[in-house]
Amino acid sequence: MRRRQRPPLPKRHGLDPARLRLPEEGAWGSLRDHLVERLPRVPAARIDEMLAAGAVVDLDGPLSPDAPYVPGGAVWFHRDLPVETPVPFDITVVHRDDDILVVDKPHFLATIPRGRHILETALVRLRRDLDLPELIPAHRLDRATAGLVLFVVNPVRRGAYQTLFHRREVFKEYEAVARYDPELALPRTVTSRIVKEKHVLPAFEVPGEPNSLTEVELLEHRDGLGRYRLRPHTGRTHQLRLHMNSLGVPILGDDFYPEVTDKPIDDFTRPLQLLAARLGFTDPLSGVEREFRTTRRLRAWDDPVGWAAN
């Protein structure tokens, strides 16, 4: 396997620099001309500033504003970051050793950088706050979902733990709060075919061979609300949210199902009442059985009035 080149720039805010491979063929007279064409979302004036400041480099160091275009070469630089509203909730460390880190992620915090969420993500916060620059997630949780996430501390062990999730060898249990329907027969197993299209926010259940399976159980109910245990056997996008919605009891705080609502990105009220509550697996290195439990609770169950108010 070909080893990835080590970036000639250090991490910034816990993030690696962007690497841009230069095509073998092209008629650009300078690197600057190529960057202007290649990065249409970056103003030409900003590219000029970066080159003047020595912020674009190759393996030999900073590149000047009149640097020639080198076919087949590569350059690195740090992307400008979007302005982000701080997510006002902390990450709780559940377990840490030399190989893995298990945390309780709060609602509204994305697991990894994507789109408008870069610094305000669990990965970047943890790399920075715990001084773990090589930290990598073994799996992900939706931004809206709170609960347990497993990260790999030692990059040499990355594949071993990520493979557990790819092979579905991890026991996952969630809790959710939704409307109580006395006519809904539970427990039951829900299956469906889920499709997620690129650039479309919600996923959809469509006819066809099922590719998702969730066990749904009612734990208790009171005052028209139910507390549910959800055990997914597959990991489709929004699977639990779709399956609860298909049963006629969408999870409280869901802004996608049954209808997409236009909630501002800086609105941290009424979080989705879905919690990754348990993770269990056989450690691929030691063979020891591991189990982790959340330290969080769903507010709509403990304090429904307070949850609805803010």
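Analyst: Pro258 sits in the loop between helix 5 (239-246) and strand 14 (274-282). Helices (H or I, at least four residues) and strands (E, at least two) are DSSP runs, numbered from the N terminus. The model is predicted: local features need pLDDT of at least 70, side-chain atom pairs count only at pLDDT 80 or more, and totals for chains, interfaces and linings use all residues. Residues are numbered from 1 along each chain as its sequence is written, and side-chain values use heavy atoms, with hydrogens and water left out.

Is Pro258 buried or exposed? Pro258 counts as exposed because its relative accessibility is 58%. The cut-offs are these: buried is under 20% relative accessible area, exposed is over 50%, and partly exposed is in between (1.4 Å probe, protein chains only).

What does Pro258 touch, leaving aside its neighbours within four places in sequence? Pro258 is in contact with Asn245 and Pro250. Contact means heavy atoms within 4.5 Å. Gly248 is 10 residues from Pro258 in sequence, and their C-alpha atoms are 9.1 Å apart.

Now the backbone. Most residues other than glycine have a negative phi, and most peptide bonds are trans. The bond from Tyr257 to Pro258 is cis, with omega near 10°. Another cis bond runs from Leu186 to Pro187, with omega near 5°. Pro187 belongs to the loop between strand 9 (171-179) and strand 10 (188-195).

Which phi values are positive? Arg270 has a phi near 45°, a positive value in a residue other than glycine. Like Pro258, Arg270 is placed in the loop between helix 5 and strand 14. Arg270 counts as partly exposed because its relative accessibility is 35%. His238 also has a positive phi, near 60°, and is not glycine. His238 lies in the loop between strand 13 (225-232) and helix 5. At 9% relative accessibility, His238 counts as buried.

Next come the charged pairs. How many salt bridges does a search of the whole structure find? The search finds 24. A salt bridge is a side-chain nitrogen of Lys or Arg within 4 Å of a carboxyl oxygen of Asp or Glu.

One of them joins Asp129 and Arg128, at 2.9 Å from N to O. Asp129 is exposed, at 54% relative accessibility. Arg128 is partly exposed, with a relative accessible area of 45%.

Another pairs Arg227 with Glu175, and their closest N and O atoms are 3.1 Å apart. This pair links distant parts of the chain: Arg227 is in strand 13 and Glu175 is in strand 9, 52 residues apart. Arg227 is buried, because its relative accessible area is 18%.

A further bridge joins the side chains of Glu217 and Arg229, at 3.0 Å from N to O. Glu217 lies in strand 12 (residues 212-222) and Arg229 in strand 13, so the pair ties together parts that are 12 residues apart in sequence. Both residues are partly exposed: Glu217 has a relative accessible area of 28%, and Arg229 has 21%. The links continue from there. Glu173, Glu217, Arg229, Arg231, Arg278, Glu291 and Arg293 form one network, joined by salt bridges that share partners.
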